[in-house]
Amino acid sequence: MIFSGTLLTEGEGALREERGTFRVTAKGISRLRENHPPDCCGFALPGFVDSHAHIGIGSAGPVAREEQEAQILAQRDTGVLAIRDCGSPVDTRWIDDRADLPRLKRAGRHIARPKRYIRSLPIDLENPHDLPEEAARQARVGDGWVKLVGDWIDRSLGADADLRPLWDRKILVDAVAAVHDLGAKVTVHAFAHETIDDLLEAGVDDIEHASGMDEDQAREIAARGVLVTPTLLQIELFTDFAAQAGSKYPVYAHRMLRMFKERHERFAMMREAGVRLVMGTDSGGYQEHGTIGAECALWEAEGVSREELLFIAAIRSRVDLGFGAPYEGGDLIVFSEDPRTTPIFSVPDSVVVRGELR
Ligand SMILES: [Zn+2]
């Protein structure tokens, strides 16, 4: 296809403009010298990257192929053309054969311990010492990422139930090393403050939610270049989680409420500390698919400029998650108005996947 207009791409850590007419194929994008009638005009970005979604998980658990397709189409229609799947219990390999669908990098299945995550989703390890072996197994079946559940409420503590790490530090160190030996990376669900130091010691590559992170940890995370997916939509649900726990688990409820109240301060602190934040919706389960606009709106409400937001969502997250350079593979989204200045974060007018308008 032929695109004409303003191509927004990377230039020294920010958005840069290139104006002209471009031919887009599955191999990439190239500037055209002579005039060609365009198929599509406006402002183009490489598609958005959702660095935290779950294709195959619906509000009631695992879903069949028809629903998986509806989920990934909802992502595509809102401009997400690359997804890191942070754990799914179903086989979604059929998606790789569909040239019209977004690119997916899978992290295999969630690895947890019995009763320490959402039922029916993870591989539950009775013996935590099996973690390195299972993590290596998931690294072999995934697309370069492995997903661990780092902490969850421990209901066996009764009225004292609270978030607790699932794994000892030593086990985590061995598991991350096993994954790294296979050339893959580790992303970890972590709500609690006390989970984070062990994750850093173990050398994980991405910390999800990070709702308990303090300033010292943020500085360390920034220094090590560990990614953080702040999932602001998901943190908005912490009041619901607290209400559900209610008087049965008051310690947990109190902690979730406190982390909710500190959310604005914490986000500003992470940015101030230089933490490398990537864009992710946590779609699948609690969040609907196709919510990248809502996630971005929350980042904007935290004071992230539109220009920086577009850069993070469409360019930096792509590079950080291993999806290649902008426009590589002929993926782009087109807006009729300049997305840097429209009043609200809108869905693209056209979506191009592998060089074809979809
Ligand atoms: Zn998730």
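Tutor: G5 has G20 as its bridge partner in β2. This is a predicted model: local features need pLDDT of at least 70, side-chain atom pairs count only at pLDDT 80 or more, and totals for chains, interfaces and linings use all residues. Residues are numbered from 1 along each chain as its sequence is written.

Strand β1 (residues 2-11) and strand β2 (residues 14-25) pair in the antiparallel sense over ten bridges. Strands (E, at least two residues) and helices (H or I, at least four) are DSSP runs, numbered from the N terminus. Two strands pair if DSSP finds at least two bridges between them. The β1-β2 hairpin has two residues between the strands, and E12 takes a positive phi near 50 degrees there.

G5 also has a bridge partner in β4, namely G42. In β4, S4 is partnered by C41. β1 and β4 (residues 40-45) run parallel, joined by five bridges.

These strands belong to an open sheet of seven, ordered β3-β2-β1-β4-β19-β20-β21, with mixed pairing. β3 (28-31) and β21 (356-357) stand at the edges with a single partner strand each, so one side of each is left without a neighbour in the sheet.

Helix α11 packs on the sheet and touches β1, β2 and β4. Its direction makes about 50 degrees with that of β2. Axes are lines fitted to C-alpha atoms, for helices over the stretch in contact; angles run from 0 to 180 degrees between N-to-C directions. Contact means C-beta atoms, placed from the backbone, within 7 Å. Beyond its neighbours within four places in sequence, A313 is in contact with F48, V49, M279 and C296.

Technical notes:
Two residues are in contact if their C-beta atoms, placed from the backbone, lie within 7 Å.
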